[in-house]
Amino acid sequence: MKPKKIGFIGLGQMGGPMAGNIAKNGFDLSVYDKAGTQERAPDGANLIGDTAALARGCDSIFLSVPDGKASLSVINEIINISDRRVKVVIDLSTIGPVAAREASDRCKKAGIIYMDAPVSGGQAGAKAGTISVMIAGDKATKIAHEEVLYAFAKNPFYVGEEPGQGQALKILNNFLSGTAMVASTEAILYGLSQGLDMQTMLDVLNVSTGQNTATNDKFPNRILTETFDAGFATALITKDVNLFIENAKAASTPTQVADIVGRIWDETNEALPGSDISLVYKHLRNSIESA
């Protein structure tokens, strides 16, 4: 059944714009954020005072929270409400496969369908409605929610039947993204040391085999401009790369590159707490200057 009333919990850098696009497309949307619903709520949304009220008034609830601990905490709140209306929880957070499977198990016992549905595309993509969603779980539920998914996502991919598969794809994607950012920074810093111009390097790289999301977005739009506003926190890419390492080791797949990339992000996050992902450029540049 298509949901008539939609709930959304978590109105941060990604959740806020996604919820805004749902409301903008005319859906009956109610929102809640424990950090401040009124300050973060998008235009056109109904403001709800807590998770319990949302669960009582909505058919489906989307989550966009920082990590597995937060996601499981919200899910526990939902399933402990005896007179809840909600039948489906669609988790847009990046929480890792283990947490997603745990969330699914808890929801199943309570008679709720859990959909593992992390997103990619950054804050700019969330605002533009161009993000990708990697959805794992009951296929019929995905189909029933396609209209609302397309309200905030250009590419809602169905990736598998088992919750956790969406998370697996998301963390491998973010490992590649984090690797591209670090590797591109090292490449650009080498080029600068040889007297090459950054814009010239980017022009060449972006029509050559070395192009990636760092060279075609973060460097020209966030680093060359010195705005350093990619809209994704260093703490989050660090968390995601480490989730990939943890799960790859558990699966006995190689992590030689990931171990090095993870160490660099750990060091960057420690040196620059609260920073944007693009500031890894300054961190690695400064490490050269202080050597």
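## The loop between helix 11 and helix 12

Phe228 lies in the loop between helix 11 and helix 12. The model is predicted. Phe228 has a phi near 45°, which is positive although the residue is not glycine. Is Phe228 buried or exposed? Its relative accessibility is 13%, so Phe228 counts as buried.

Glu226 is found in this loop too, between helix 11 and helix 12 (234–250). Its phi is near 60°, again a positive value in a residue other than glycine. Glu226 counts as exposed because its relative accessibility is 61%. The cut-offs behind these two calls are under 20% for buried and over 50% for exposed.

## Helix 11

Helix 11 covers residues 213–223. At its start, Asn212 makes a contact through its side chain. A side-chain oxygen of Asn212 comes to within 2.7 Å of the backbone nitrogen of Ala214.

Which residues of helix 11 are buried? They are Ala214, Thr215, Lys218, Phe219, Pro220, Arg222 and Ile223. An α-helix has 3.6 residues a turn, so residues three or four places apart point the same way. The buried residues of helix 11 pack against helix 6 (122–128) and helix 9 (165–193). They also pack against helix 10 (198–205) and helix 14 (280–289).

## Helix 14

Helix 14 has its own buried residues: Val280, Tyr281, His283 and Leu284. What do they pack against? Their partners are helix 9, helix 10, helix 11 and helix 13 (256–271).

Strand 4 spans residues 60–63, and both of its faces are covered. Ser60 and Phe62 are on one side. Ile61 and Leu63 are on the other. All four are buried. In a regular strand the side chains alternate between the two faces of the sheet.

Strand 4 pairs with two strands, strand 1 and strand 5. Four bridges join strand 1 (residues 6–9) to strand 4, and the two run parallel. Here Ile9 stands opposite Leu63. Four bridges also join strand 4 to strand 5 (residues 88–91), again in parallel. In strand 5, Val89 is the bridge partner of Ile61. How does the chain get from strand 4 to strand 5, and what is the hand of the crossover? The chain passes through helix 4 (residues 68–79), and this β-α-β crossover is right-handed.

Definitions and conventions. Residues are numbered from 1 along each chain as its sequence is written. This is a predicted model: local features need pLDDT of at least 70, side-chain atom pairs count only at pLDDT 80 or more; totals for chains, interfaces and linings use all residues. Side-chain values use heavy atoms; hydrogens and water are left out. Buried means under 20% relative accessible area, exposed over 50%, partly exposed in between (1.4 Å probe, protein chains only). Contact means heavy atoms within 4.5 Å. A polar contact is a pair of N or O atoms within 3.5 Å; within protein, one must be able to donate a hydrogen and the other to accept it, and residues adjacent in sequence count only if both atoms are side-chain atoms. Two strands pair if DSSP finds at least two bridges between them. A crossover is right-handed if, with the strands pointing away from the viewer, the path from the first strand over the helix to the second runs clockwise.
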